[in-house]
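Have the structure open as you read.

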Amino acid sequence: MASDKKSEVGELRSLLRSIEIQRDPAQYQQVVQKVIAYMTLGVDVSPLFSEMIMAGATQNIVQKKMVYLYLSTYAERNSELALLTINTLRKDASDRNPTIRGLALRSMSSLRLPNVIEYIESPLQSGLTDKSPYVRRTAVMGVVKLYYIAPDIVSDMKWSSVLYDMLRDDDPLVVCNCLSALEEILANDGGIVISKKLAHYLINRIRDFSEWGQCQVLQLLLKYNCTDDEEALEILNALDDRLKHVMVGVVMATIRLFFHLTESMPEVYHDVFERVKTPLLTLLGSGPSEVIYVVLQHIEIILSQNSTLFSSDYHNFYYRFNDPPYVKLKKLDLLTQVSDDSNSKDIIQELSECATDVNVGVSQKSIHAIGLISVKLPDIANYCVDRLLALIPMEIEHVTSEVITTMSNILRKYENTHELILPRLNSCYATMTSGSGRGSLIWILGEYGESLDESPYILEDIINNISGESSLEVKLQLLSATMKMFFKRPPECQEMLGRLLEYCIEEETDMLLRDRALLYYRLLKKDVAAAKKIVCGSQKVYSHLSTHSKGSLFSEFNTLSVVYGQSSAEFIHQSIPYTSSAVLRSPERRMNEMDQLLISKEEPEESLLDILASKESVSTVPHILLNPTPVITASEYEQYWKSLPLVSQDNYPMRYIPSLKTLQDLLSKRFITTLACSGDLADVKKMYLYGQHVSTLDRFLLEVVMAANKMEVLLKCTNDKLYKQFLLHYLETISDYM
Amino acid sequence: MFSQLFVLSSRGDILVFRDYRGDVDKDTPDIFFKYIKKWKEENGAYPPPAINQDKTHFLYVRRNNLYFVGVTKFNVAPACALEVLGRVAQLCKDYCGVLNEESLRLNFILVYELLDEVLDFGYPQQTNTEILKSYVSNQPVGVVVGSDSSGTKRTLPSTAANKPIAVSLDSMKDQKYEIFVDLLERLTVLVASNGHTLRSHIDGSLVMRSFLGGNAEVHLGLNTDLVIGREERMVRGTGSVVLEDCSFHEKANLTDFDRDRNLSIGAQDGEFTVMKYRVAASDILNPIPFRIFTNIEDGQFPRSLRITVRIKCEMPVKSSGTNIVVRIPVPKTTISVSSEPLGAGSSTEYREPDKMYIWKLKKLEGGNEEQLVMKLNLSEVTKATKKEVNSVSMEFEIPMYICSGLQIRFLRIFEKGRPVSPYRWVRYITHSDSYVFRV
């Protein structure tokens with residue numbers, strides 16, 4: 001292959017050099033076109049650089065463009081040779097034809113080479129005052145490109161003030177490019193300054209701008225602070241018709257600006273919700289799926305602020321059979337959120353129809369949604385359960401499994417519904433193949449099975465086949481459920497519990513399962529009454545199924561944050577150009593800092609998070625070296641935990657909690673072992689961790705409790721001089737989630 | 001703003017690739033396509049249009065099996081970014097005539113020229129088909145040339161508008177001086193198993209495709225008794241046509257619209273949407289144009305089913321639906337499906353992997369009905385088997401028919417203030433969007 005390509009490049013070279021071909025413009029262009037075709041495919045055609053420069057000296061504009069495209073791709077690798085093109089480019093920059101002048105400016109500023117800067121400075125300078133708007137706007141972008149290779153020159157030439165003056169240009173595209181340019185080159189000082197005069201000038205001209213220009217202007221206006229409410233209302237009136245624009249981008253930018261402008265006027269602010277409702281619904285009706293998806297995401301964010309806004313328009317969120325699944329799933333989310341006592345029956349009816357969608361993800365989500373609504377609206381809970389149970393006889397595997405999982409969630413809130421579900425369980429187990437469905441079924445049996453005569457026998461059947469079981473979740477649930485059942489109906493369960501424990505301890509290879517079995521075994525051996533207390537302890541704390549609220553994202557309206565459902569801090573690491581979302585983010589960030597201050601105030605000596613936050617001071621705390629293969633048994637661990645003093649107890653905010661498996665892997669890479677942990681399904685996740693110093697052999701024992709967005713860390717250790725280092729080591733390891 | 005923009009074929013081949021800012025690696029098309037492939041394997045569907053891969057963001061739109069992808073590192077406004085990509089796809093269609101892999105391969109240098117002008121350093125610049133002509137030097141290579149019809153013909157094939165716009169003065173002479181004005185309505189209808197219409201609405205658009213050379217101004221009038229929005233209904237009373245909401249093209253001149261429902265717009269070459277509207281159609285779509293009745297019963301033999309699907313066209317006699325496709329899902333345990341012989345113009349097809357039986361009818365006239373009797377052999381029958389046939393969906397076109405009753409009263413073209421008379425093609429078409437009957 002490689003030699004093939006080499007020979008192809010060689011062939012192209014001889015073609016480019018051929019005098020005959022150079023004499024025939026059509027053929028010459030064909031060859032150049034071929035080079036570009038190879039470039040597109042990712043073939044390295046950079047060896048043809050000098051031949052291509054030759055090809056650029058032509059009157060054929062198509063060929064010229066192709067050569068310039070080639071140059072901007074490969075110039076960085078051939079910076080010496082690239083100098084040869086400068087002459088042609090400079091000549092073109094003073095061509096009579098404005099299209100050629102613009103093309104030359106755009107190409108020379110795209111070369112990204114420090115050694116050509118001196119040659120492009122003056123063409124750019126004269127480009128900014130060219131009589132053709134096309135050349136002017138190209139020159140403006142050229143200034144930004146130059147800024148990235150030589151920021152000093154841009155400031156030495158005082159180009160930012162030139163650009164400020166050019167905001168009054170007649171051509172709207174020139175104005176827009178100046179706005180973009182100023183935002184980038186002034187990014188370090190907070191971007192362009194929107195004065196009152198500029199703001200009103202832009203608003204008055206808004207209809208001149210292209211749809212993209214309007215998006216940009218509306219976005220920039222977020223940086224403007226009105227002098228009083230009256231002025232804000234004036235702007236609202238002036239821009240009201242932007243809500244009727246056919247481009248979703250313009251409408252979204254307008255909505256964000258409207259919310260921003262009315263923040264200080266609660267009543268008007270509230271009216272804005274009503275005002276934007278109809279346009280949003282219209283946007284939902286037509287347009288490509290991709291954009292509809294974005295609209296749906298934004299409606300979701302609006303709902304987080306005003307949950308009843310779309311209550312009577314719920315049917316707009318029924319999906320169409322030809323919607324792509326990502327749109328269908330989002331609509332199901334919205335149906336759940338707009339449901340209330342007035343519309344929930346209709347919605348649930350619709351959802352139970354959706355349960356048979358061909359796409360498994362969509363089908364399961366509809367069932368899940370019924371569960372969410374039942375938890376949200378107690379009045380309709382029984383109806384929800386009826387509809388869910390009506391899905392079981394369809395005997396569709398993924399439907400049944402999702403129904404059972406959803407039921408297990410509903411039971412946590414409405415315990416008495418177990419009478420409805422229990423009789424149906426026996427027939428379900430056989431149809432299900434997924435681990436989570438069967439796991440949930442076993443959980444239900446363990447919790448409520450005592451009132452059903454055959455429950456121990458259902459469990460027994462499963463235990464008899466445990467060697468063929470591959471799902472860890474099923475096994476873990478089975479172990480816990482059998483324990484619970486044992487305390488409720490001991491005579492029927494004793495024998496099978498014994499078998500199960502024996503199997504898990506002797507034959508099972510998974511550590512988690514083995515450890516849990518051992519724990520149960522020892523508990524039973526030591527104190528049966530205590531074991532009962534622990535195993536059957538009430539854990540029916542119900543937290544909402546959908547945990548993360550999207551409210552905080554409202555301040556990042558009309559950005560990718562809304563589409564990802566994450567704050568931009570998690571997925572953006574490039575901060576230039578300065579975007580207005582960053583402005584609005586700063587108060588939040590300040591709040592985090594306040595949180596940190598509060599933490600450090602409580603325990604001033606242990607503000608490790610602060611140390612972690614500032615990179616410089618990290619070096620002041622030396623790194624700890626841990627034993628890569630620490631050995632400790634569960635009972636030893638227990639011993640140490642009892643005897644050692646608590647050296648640190650602190651709370652840390654978490655951005656989100658990953659799966660425990662992920663955490664374990666992460667920690668084990670840095671030599672922190674996990675001795676025991678709760679299941680992933682638990683609302684409060686717990687981990688017991690252990691580490692040992694490589695030389696001093698000091699032991700560190702950690703108890704980590706994670707819930708919602710908080711992590712509590714308890715640390716005990718044998719050497720209180722080293723604990724800070726260990727704690728820092730731990731926090732660093734998981735810092736991605738903090 | 002985008003750092004890169006590229007177009008991939010359905011197999012992941014790079015058709016064009018343009019790097020604007022040089023701040024992202026060059027292997028992005030590969031990363032993107034791998035992600036799409038993986039997602040499709042895992043979820044059996046396409047991923048949402050914004051993808052975050054290691055803090056590099058891919059926004060994409062899929063048009064005619066081509067991926068138009070923008071790459072950025074910044075927290076951009078998603079709707080605007082996706083619309084830029086949609087616009088790029090539209091430009092490619094305007095300039096190449098049709099949008100597919102072949103036309104892009106033939107015209108890739110032209111597409112590069114467009115990309116060079118449409119974005120600069122990743123910021124959208126000129127995206128207007130008409131104005132861009134003066135910056136584009138390549139001649140488009142047409143893939144499908146619309147049939148050459150003489151001016152006396154009253155109708156044209158529906159593909160007639162699929163031709164590249166003329167770019168240079170030379171080709172402008174050959175270009176036919178004509179304009180296509182389409183009033184398109186897409187119906188969404190959902191009917192419950194008891195025959196009640198659960199929801200119905202119309203999404204309409206007025207689309208122009210102009211080949212007038214860019215200097216013409218188009219004046220058109222809609223129904224004078226048109227009512228827009230709930231508030232207006234209070235003021236004006238009910239008119240014959242009530243639109244829930246509508247929006248207009250940026251350049252549309254609406255000075256007289258409130259008074260006499262006339263509007264004008266400068267017709268740039270290429271395709272553009274003049275107006276979009278939405279109609280809540282519960283009273284207008286009564287009766288709905290097509291109705292389907294499905295009956296499922298046990299067959300003669302054990303483990304067999306007999307499904308009868310009857311379709312009735314409830315429109316006035318002079319209207320008719322064409323290219324009708326009815327989709328009937330069959331149970332998973334189906335071994336074979338056969339149907340009783342059908343009349344001319346009907347055909348059936350069984351899509352085994354999708355467990356879907358397809359019934360196609362070329363045409364169905366108002367007041368008429370057709371029937372399909374299917375016989376299914378199954379490997380196993382459970383209580384749920386019949387329920388697997390849960391909904392029947394259909395697709396259709398109704399030429400020269402608009403459900404909402406919206407009309408174009410007149411269409412006049414002016415050039416430099418003087419009336420001119422190009423070929424004017426006004427077409428009314430109703431399409432199904434999501435048309436579903438629950439069984």
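The rule finds eleven salt bridges across the interface of chain B and chain A. This is a predicted model. One of the bridges joins A:Glu350 to B:Arg438, with 3.3 Å between the closest N and O atoms. Which element gives the most to the chain B side? Helix α2 of chain B, residues 78-96, does, with seven residues. By residue class, the side of chain B that touches chain A divides into 38 nonpolar, 20 polar and 27 charged.

Now take the extent of the interface. In contact terms, 85 residues of chain B meet 89 residues of chain A. The size of an interface is often given as the accessible area lost when the parts come together. Here the two chains bury about 7300 Å² between them, and 55% of that lies on carbon and sulfur atoms. Within chain B, the residues that lose the most area to chain A are B:Asn75, B:Glu83 and B:Glu250. Together they account for 10% of what that side buries.

Next, look at chain B as a whole. Its secondary structure comprises eight helices and 26 strands. Of its 439 residues, 57% are buried. Take the contacts in chain B between residues at least 6 apart in sequence: 69% of them join residues at least 24 apart.

Turn to chain A and its helix α8, residues 117-127. Buried here are A:Ile117, A:Ile120, A:Pro123, A:Leu124 and A:Gly127. Why do they lie on the same side of α8(A)? Their arc around the axis is only 130°, and that puts them on one side.

A:Asp169 sits in the loop between α11 and α12 (172-185) of chain A. Is A:Asp169 buried or exposed? It counts as buried because its relative accessibility is 11%, and the cut-off is under 20%. A polar atom of the A:Asp169 side chain lies 2.9 Å from the backbone nitrogen of A:Asp171. Beyond its neighbours within four places in sequence, A:Asp169 is in contact with A:Arg136, A:Val174, A:Val175, A:Tyr201 and A:Arg205.

Technical notes: Residues numbered from 1 in each chain as written. Chains lettered and ligands numbered in written order. Predicted model: local features only at pLDDT ≥ 70, side-chain atom pairs only at ≥ 80, totals over all residues. Heavy atoms only, no water. Contact = heavy atoms within 4.5 Å. Buried area = accessible area lost by both parts, 1.4 Å probe. Salt bridge = Lys/Arg side-chain N within 4 Å of Asp/Glu carboxyl O. Helix = DSSP H or I, 4+ residues; strand = E, 2+ residues; numbered from the N terminus. Nonpolar A, V, L, I, M, F, W, Y, C, P; charged D, E, K, R; others polar. Buried < 20%, exposed > 50% of the residue type's maximum accessible area, 1.4 Å probe, protein only. Arc of directions from axis to C-beta. Polar contact = N/O pair within 3.5 Å; in protein donor to acceptor, adjacent residues only side chain to side chain.
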